[in-house]
Amino acid sequence: MKIVGKGVAKIDGLAIATGKPLYTDDLVPANALTVKILRSPHAAARIKAIDTVAAESVEGVACVLTHKDVPQARFTLAGQTYPEPSPYDRLILEDLVRYVGDEVAIVAAADERAAQKALELIKVDYEVLTPVLDFEQAIDHPAVVHPETDLHCNFDIGHNRLRNIAATHKVEVGDVAAELAASAVVVEETYYTQAQAQAMMETYRAFSYLDHAGRLVVVSSTQIPFHVRRQLARALELPASRIRVIKPRIGGGFGGKQTAVAEIFPALVTLRTGRPAKIVYERRETFTATNSRHAMRFKVRLGADRDGLIRAIDVECLSDTGAYGEHAPTVFSVAGEKSLSLYNKARAVRYAGHAVYTNKLPAGAMRGYGATQGCFAVESAVNKLAGALGLDPSALRLKNIIRAGELDIYHNRILGSASLDRCIERGRELIGWDEKYPSRDLGGKVRAVGMAVTMQGSGIAGIDTASAEVRLNDDGNYTLLLGSTDMGTGSDTILAQMAAEVLQTPLDAIIVHAADTDVSPFDTGSYASSTAYVTGMAVVKAAGELREKIIAAAAGLMNAAPAEVTFDGAVLTGPAGDRLTLAELAQRSVVGPDRRQLAGYASHGSPVSPPPFVAGFADVEVDKETGKVELLDYVAVIDCGTVINPNLARVQAEGGLVQGIGLALYEDVRYDERGGLQTNSFMTYKIPSRKDVGAIRVFFEESYEPTGPFGAKSIGEVVANTPAPAIAHAVRNAVGAWLTRLPLTPEKVYAAMTKQPKERTCT
Amino acid sequence: MRIEVTINGHKTALEVAPDEILADTLRAAGFASVRRGCDTTNCGLCTVWVDGRPTLSCAILAARMDGRDITTIEGVAGEAEAFARLLVAEGAEQCGFCSPGFIMTVLAMKRELADPTDDEIIHYLTGNLCRCTGYMGQLRAVKKFLEVRP
Ligand code: FES
Ligand code: FES
């Protein structure tokens, strides 16, 4: 392979790195109105009256909209394939507010100053209601988050509005109770994972205008342009054919931008006023009024025989979806699916529980999408089991993990590719497991190692579809049209690498266009680790089809059969040695009557979602005086099938690992007792800085995925999962106590350490 | 109020509000490379140079810039591109949203520190957050850049 597998530079890398005006806010028309949102100060309240007269009279104010001025069709903002499994539990504005930060009114004005002034002049009379803030108290709480009767679900997701249950899910294979009873060793524990903010550097933003035909154009920093178009159509009661969504360069998404939090507001203003309008969320707004990772509680029971074969896994989960149910059922199910599928020697597994509504910031999609949470719980329990059995945790895993060609107990499907065993072996060597496990007391500090393994998926099996088109242009170059969304991952580049590989052409002969719903072929968007795998296959197929058409067209001109013509990417050679350059063929395909521009077009959806795997190893130092955990070294060995671009894959892995480290050690979305968000800035919500991360080392153990493009699987999400359980394991080995609640702050570590000094295992 | 500043070597007169912050002034004046990731001086995305020193433009009033010399990445395009090439070769720009502020800090560091150690590099750049890359690739690029003699 000439281009696939090479660490080529990103096609837009230089432009974005040097600050060219390519992002949403750089492209706003000069006369756009500034949109601002009045937000609820209460976690639960009914709006009795709202007075906008003074606000409307502020000079420069174009409109002030309240719940009386908006369409009444309920919708979901979750960026999922239609019909979405997420409940339709939102209105654009409603007379009921469900969390501190919920939208109350929309203001649009000529500039920021006027908009701000108008916001301050809106008078709202609230009837303050009792909120439900603790997700463990949510079910059957007297306060009902969604009392409305017009809420709608497209599927039976076990929604029970009056009990504050957004979704219910249960999977059971085999007889869990019997297998647990028959197990020689059973470990049991309850784990908590906290909400985490996506904290992408570019906050949410969008602008809108009417085009020459009176159609609504929305330019947005989104991962899901086609879903945004559909959501806007439903929420604004406008035919989708009247809407165009364009995605420019995006300053990070991490799943946050798989929920369309901002687009509706400027769009509504443009429809009402006929004028361009923009909204740019402040950082504080991004923390308080968008979405975050679902906080979860897991009760885990693991049963094993004396040799360490895991016989039963039982997980009961409770998930906090906050005020609205975006992604509630699916994040919930993924938490079980991805963590229980790993251990296929089990004879019985069960995963069950609820996602519940509370009067807090809605939860949504975030990198890992539940697998991160489930991985912390199940991997912590597996480490605990290793302790109970007196087995090395890496050996325990090698005994129990699923391998290529084996049946996955959760889906009853054969696994196509896996090199997790090699990932574990190599990671052990790289971290120096044998010398370092479990720990070493250095006096004031204890040094210890810990590990975890994980898997994710590649796209959503049986649901998501991507399309791609490759055109041969008049000058012999190609245009690759995509509907997927490069949010910094480099997906435009790797997809161009795939097309270039099939067409045997240099990368710079490929022009990439993505994404504009008027122009791009349909793609569900970039989420669920789907782009390289699902869109990638569409690209490979489309490029293959074009290649055949090129050969057939040349054969026609040469009066030969297609099988007699060879094509090396630049020149077509016929049976009689006649030669035709691609450029000549391209030109002929568009000159004169009866010609036809050559293009390949393909769609792809996959009946399977082949998992990538990671084995993660943490080397930490814990300060005995303070409980502070310092991460010295993190080794991740990754199986993402064929690595399409090693440089981009490595950096993506490093970034995901650091997000996982933040989750492990300090990132935490915290509220006060009235439901106000305490962590609403980078002062109070700490993401890792470059001083916090120690050394991160990434390695690949390639496998070959038969259903993937060039054997590739995904890498985007899986890398976020192992740090939390691996670091918690290392902390256990350092201080002798299990920490079951993330994040592992010094306070918690110190408390755990001083409570159970006798359990310490130091060599 | 009216201020006179030099931006990227050009003397300019600007009309600014008394409470206007420099980042907004610069963006409004067409320097789109100046980005904001926070409003609390935590992220470093808005870094420009004021009289040659890296400065957070979200935390300084435009009114205070009267008579000062401001440099954005557009003003050091050649040098910025030289470093950006190393960054991009490493794959260490992902979304790129943090890159202009980061690059301005790296270029300032190169002027200020001679032969810095890894720790000194990390310390100098700590105020520049990046949510995408995990920092390792950025460090690889910076070290290559420092080896390149001007
Ligand atoms: S925007 Fe200035 S430091 Fe974040
Ligand atoms: S590259 Fe996205 S924040 Fe740094």
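Below are my entries, starting with the ground rules.

**Ground rules.** This is a predicted model, where local features need pLDDT of at least 70 and side-chain atom pairs count only at pLDDT 80 or more, while totals for chains, interfaces and linings use all residues. Residues are numbered from 1 along each chain as its sequence is written, chains are lettered from A and ligands numbered from 1 in the order in which they are written, and side-chain values use heavy atoms, with hydrogens and water left out.

**The largest core.** I looked for nonpolar cores first (sets of buried Ala, Val, Leu, Ile, Met, Phe, Trp, Tyr and Cys residues joined through side-chain atoms within 4.5 Å). Buried here means under 20% relative accessible area and exposed means over 50%, with partly exposed in between (1.4 Å probe, protein chains only). The largest one has 177 residues, and Ile92(A), Ile106(A) and Ile727(A) have the most contacts inside it. Helix 9 of chain A (residues 371–389) gives the most to this core, nine residues. My helices (H or I, at least four residues) and strands (E, at least two) are DSSP runs, numbered from the N terminus. I also found a second, separate core of 45 residues, with Leu480(A) and Ala515(A) among them.

How many residues of strand 5 of chain A are buried? I got seven of the seven in this strand (residues 103–109), so it is largely enclosed by the rest of the structure. Strand 1 (residues 33–39) of chain A pairs with strand 5 of chain A in the antiparallel sense over six bridges; pairing needs at least two bridges found by DSSP. Strand 3 (residues 61–65) of chain A also runs antiparallel to strand 5 of chain A, joined by four bridges. Ile106(A) is the bridge partner of Ile37(A) and also of Leu65(A). Leaving aside neighbours within four places in sequence, I see Ile106(A) in contact (heavy atoms within 4.5 Å) with residues including Val35(A), Cys63(A), Ile92(A) and Phe265(A).

**Helix 18.** I checked which residues of helix 18 (residues 746–755) of chain A are buried, and they are Val749(A), Ala752(A) and Met753(A). They cover an arc of only 100° around the axis (taken from the directions from the helix axis to the C-beta atoms), which puts them on the same side of helix 18 of chain A. The face turned away from that buried side carries the exposed Glu747(A) and Lys755(A). Among what covers the buried residues, I noted strand 27 (613–623) and helix 17 (723–735) of chain A.
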